[in-house]
Amino acid sequence: MSDLIDILVPIEQEGTTGVVRNWFVSVGDQVAEGDPLVELETDKVAVEVPAPQSGILKEISLQSDAEAPPGALLGKLDTLAPEDAAQPVEAASEPVKTAAPMPSTPVDSQSGMEHRHSPAVRRILAEAGTSGDAIIGTGKNGRITKADALAFVKTLRSKPAPLAPTPAAHAPVSGTSTKVPHTPMRRSIASHMSQSLSTAPHVTAVFEADFSAIIKHRNAHKNALKQQGVNLTFTAYFLAAAVEAMKVAPQINSRWHDDFIEMFGDVNIGVGTALGDDGLIVPVVKKAQSLSLRGIAEQLQDLTARARDRKLKPQDTQGGTFTISNHGVSGSLVATPIIINQPQSAILGIGKLEKRVSVIEVDGHDTIQIRPKAFVSLSIDHRVIDGHQTNSWLTRFVEVIENWPAE
Amino acid sequence: MATAQRIDTPIQSNIDPNVDWKTVVETVLTSRMIDHLEETELVPAKKVLYQFSARGHDMAQVLLSQQLDDPLDAVCGYYRSRPLLLGLGVDLVHAIGSAMAREGGYSDGRDIGVVFNYPNQNGPKALPMCGGVGTQYSPTAGWAQAIEYRAKVMKEESAKRAIAVCLGGDGSVATNGFWAALTIATTQKLPVLFYIEDNQYGISVPSTFQTPGGNIAANLASFDGLKIWDGDGTDPEEASTLVKQAVNFVRDRNGPALLRLRVPRLQGHSFQDTQTYKSEEFVESEWERDPLPKLKEHVVPAILSEDEWANLKSEVENRVRSAIETADSLPVAKPETVATDVFFEEGKMQKIGGQWAEGYRPPASSDTPNPESKNRINMVTAIRRTLEHEMEINDRVTLFGEDIGPKGGVHAVTLGLQEKFGFDRVFDTSLNEEGIVGRAVGMAMAGLVPVPEIQFRKYADPATEQINDCGTVRWRTNNQFASPIVLRMPGGFFKCGDPWHSQTNEVQFAHSIGWKLAFPSNTEDAVGLLRTSLRGNDPVVFFEHRAQLDDPWARRPYPGDDFALPFGKAKKIANGERATLVAWGAMVQRCEEAAKGKDCDVIDLRTLIPWDQEMVLSSVSKTGRCLIVHEDNSTAGFGAEIAAKIADEVFLDLDAPVSRLTMPDIPSPHNAVLLNGAVPSVDAISQKLDQLLEF
């Protein structure tokens, strides 16, 4: 069903009688309401006549150079019924996609570190074919300055070839000493650890956890998950339990500022991952509080694989609010870890899993049982946290581990 | 037997035999034919976009042109001056080709066609007109003053009878320029003819808006030192008589004159104007005053027969049509040439204007200082000494401004110079900056080296139009004209500040096309840059910082009378690796102090247009950090230009943001405590520098 309406020359106009100068559309063209249809020219100005409604231009009554007195008929417009109306040509309505990723927030709000590289630094690193991950920045907020980059590149060039420990490092202590030059990783660890201890007074509390429940759960589910490509490790349980413990002692998930304590909104848990003699790297599982056990396991799998392949990106190691160190895997029963990534406020160490003889009360009687157990130790920054929150956290952590449901 | 003599022709007793009426007719017909063909053919074909017909004004203008024959005569008109220019001998093809914005002609297509310039080497010239009404007056007064100067100071015989004519409409008598020039011409008794053609309208605004009663001649009747004539510009005999009287009066050195001729405007202001504001009766009455039928009646049959008139008319039509055809075949200038000739380019001399066009070449100079003694002198003394020396060796150099004569300038720069060089070469002016700069423009076009002084930077505001138009003369006349002046401008804070005496705002001139800009921080640089300016071929703003004029830090030994510095070469006053400081004027000394011991490059730009991009960019490349310090307020100050250039050219070398430290966006505050809080101090610069270094 169509409805023809008139397109008229405006009554009010500036200057003398207008003349049709230029039609912008042709008969048969589709127009939206407000689209310019035709240009009229008076002795003063050029005036556009817009489409009074959407539709199709059906007729042009005054051609170019024709006189266009006020109120004269310029043409006719066929306004379409909704069901007939074709979609008008839409201007691009999607938000403009930026070509490059948005610049990150000025300074990493979690760690307070400036991770971005200035143009000079970027250029120097690009020319040397190296990333800046291992450089300690001496600029504001730990920014890598041009001088830092230049110095680093210089060490790369003068670094001796083998990264593997030389035979001399394993030699018994006798005779001449040898010098092992620092790798950038070594420097980085040395600097981080010293700085962490000198900034935060560390205290460690030790609890013991019975792993029976999580062993049982894992045995029941690991094969099914394996078939779906997910490797279910004990570490996943530790992260899940840590998230739960954060709920009773949120101060553990925070950082110290001069004038206040910042309680983080997300629980981003870094997992210390050894790279042999190359050192240690701590990939971060982000927003662990919103992940299921399976989700945590998937993340861990991806991160550890990439860590081992040296394919981690800067954002994989940034933004952590808490760290877990599986030191027991290599044999230690108990350890007092140092908070690796300032400015976090705590770090959890998991000791070696052993079968231990335990005294357990059953129906009022003491019994001796053999249970799978490990020591779990929480090192805290005593500026931020006291013994009370520490033990509350550990209590809950152990509770979750020991009471993991069978399903 | 006596026979009665049959009289076939009426007795013509009042036609002036000394007027070349045939040429007058021919020229008026030519003008009308161009008007007609533009209106009916060229504008509809969109070959001419800005079209101004001159019907009604044509005859009187042509009669005026007949009286101008001295090579040192000059006219400056406005957009309805074509008949006058045709009468002076402007080439028809140029006139039409320029209206069509083609290559060559007045402006190579850079300006509209009715904004004429006529670089006539052997006869009366038309000074480059501007689009802005009222700008024609003070440069014309300047040309007139230059005529007197050349006669008296340079002892040129040929200058004794030349005059300057400014042509304007009734609208223009309200403008600043008109009054500035009137004051100049009458107080100094200059050979200026003010030719006012009164058609009673300025576009649509009646002349009663421009002067009470609409009659400027009547209103100026008691103006001391101004001879006035007022008449009918449509009456051939009256118009030719008045024009001749007025011109000869001025030629005889009786002082300036104003000739007002009433004419009808027989078409709209321009092609676009349909004159709906005029009543039909009024338009009819205007046509009744058309001078062309009156001219015909006047010369036919006294000078020409009917047939001769008709033949002339068709000859003119053929000639104009042929010129149109030729003009229409002219190419358009190549777009890649559009940015040439903003400044003087080596090997391309302008035809008219400046000393270089008349053969001047500067004496040998050196950019190595050669002081005769170790005694350090003040910048004010050094500037005076430089002006003095250049005036001694070059009699084209002339200084003027407010209070610079007997008083020696309110900053004491010109102390003693009027005494030494005389009133003609060193003189006080009326209190009108439009007039000071405007006349300098005319004087420069007449081959002098004018050195006007603006008493304080802020007072250049009224001169802004003349300053802007001076800078673009070379470009818009396609290098046919140039107007090199050395505009001295004291400014900046002194012992206190205030919004009127302490402004710097040098960036305004950096943005004015065609101007070079010098801003020395010390005596030695001031001498070198001033000397180069006085020997140069481009307009220069020479900024004299009031605090530096006698500041101990700025003192240096006088570097010698041959010392001249090129523009665009900065000076590195400290060397280092960690950051670059860029400054000029009074901030240089503060940057030097703040950067002590911090291992930084400190660069004194010395000139802003052009500025030493090479030195700055290579320094920032090396250091990776840059701090720009200027006294001018922050937003869009010249520091922004430098910062943008650095970010553009050496982005990959930057290790810290390019920073500026400036006054905040306020005028200069008066109280010294407030001033010192606003202008970057050594401490503030030092702190900002530290921030950059720690980034």
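This is a predicted model: local features need pLDDT of at least 70, side-chain atom pairs count only at pLDDT 80 or more; totals for chains, interfaces and linings use all residues.
Strand E4 (residues 36-41) of chain A is joined to E5(A) by 5 bridges, and the two run antiparallel. Helices (H or I, at least four residues) and strands (E, at least two) are DSSP runs numbered from the N terminus, and two strands pair if DSSP finds at least two bridges between them. Within this pairing, A:Glu41 sits opposite A:Ala46 of E5(A).

Residues are numbered from 1 along each chain as its sequence is written, chains are lettered from A and ligands numbered from 1 in the order in which they are written, and side-chain values use heavy atoms, with hydrogens and water left out.

Now to the nonpolar cores, meaning sets of buried Ala, Val, Leu, Ile, Met, Phe, Trp, Tyr and Cys residues joined through side-chain atoms within 4.5 Å. Buried here is under 20% relative accessible area, exposed is over 50%, and partly exposed is in between (1.4 Å probe, protein chains only). The largest core has 117 residues, and B:Phe178, B:Phe194, B:Leu605 and B:Ile642 touch the most other members. Helix H5 (residues 137-152) of chain B gives the largest share, 8 residues. Apart from this core lies another of 50 residues, including A:Leu232 and A:Ile296. Beyond its neighbours within four places in sequence, B:Ile642 is in contact (heavy atoms within 4.5 Å) with B:Val582, B:Trp584, B:Leu605, B:Trp611, B:Val616 and B:Ile628. B:Phe178 and B:Phe194 also turn up in one aromatic cluster with B:Tyr137 and B:Trp179.

Over all chains there are 22 aromatic pairs. Rings of Phe, Tyr and Trp (its six-membered ring) pair if their centres lie within 6.5 Å; planes under 30 degrees apart count as stacked, over 60 as edge-to-face and the rest as tilted. A:Phe322 and A:Trp393 make a tilted pair, 5.3 Å centre to centre with 50 degrees between the planes. A:Phe322 belongs to strand E16 (residues 322-325) and A:Trp393 to helix H9 (residues 387-402), both of chain A, so the pair ties together parts 71 residues apart in sequence. A:Phe322 is buried at 0% relative accessibility, and A:Trp393 is buried at 0% too. B:Phe52 and B:Tyr79 form another tilted pair, at 4.9 Å and 40 degrees; both residues are buried.

Over in chain B, 6 of the 8 residues of helix H4 (residues 92-99) are buried, so this helix is largely enclosed by the rest of the structure. Its buried residues include B:Leu92, B:Ala95 and B:Ile96, and what covers them includes H1, H3 and helix H11 (306-328) of chain B. After H4(B) comes B:Ala101, with a positive phi near 60 degrees.

Finally, A:Thr145 lies in the loop between helix H1 (119-128) and helix H2 (146-158) of chain A. A:Thr145 is buried, with a relative accessible area of 7%. Leaving aside neighbours within four places in sequence, A:Thr145 is in contact with A:Val121, A:Thr138 and A:Gly139, and also with B:Arg625, B:Asp655 and B:Phe695.
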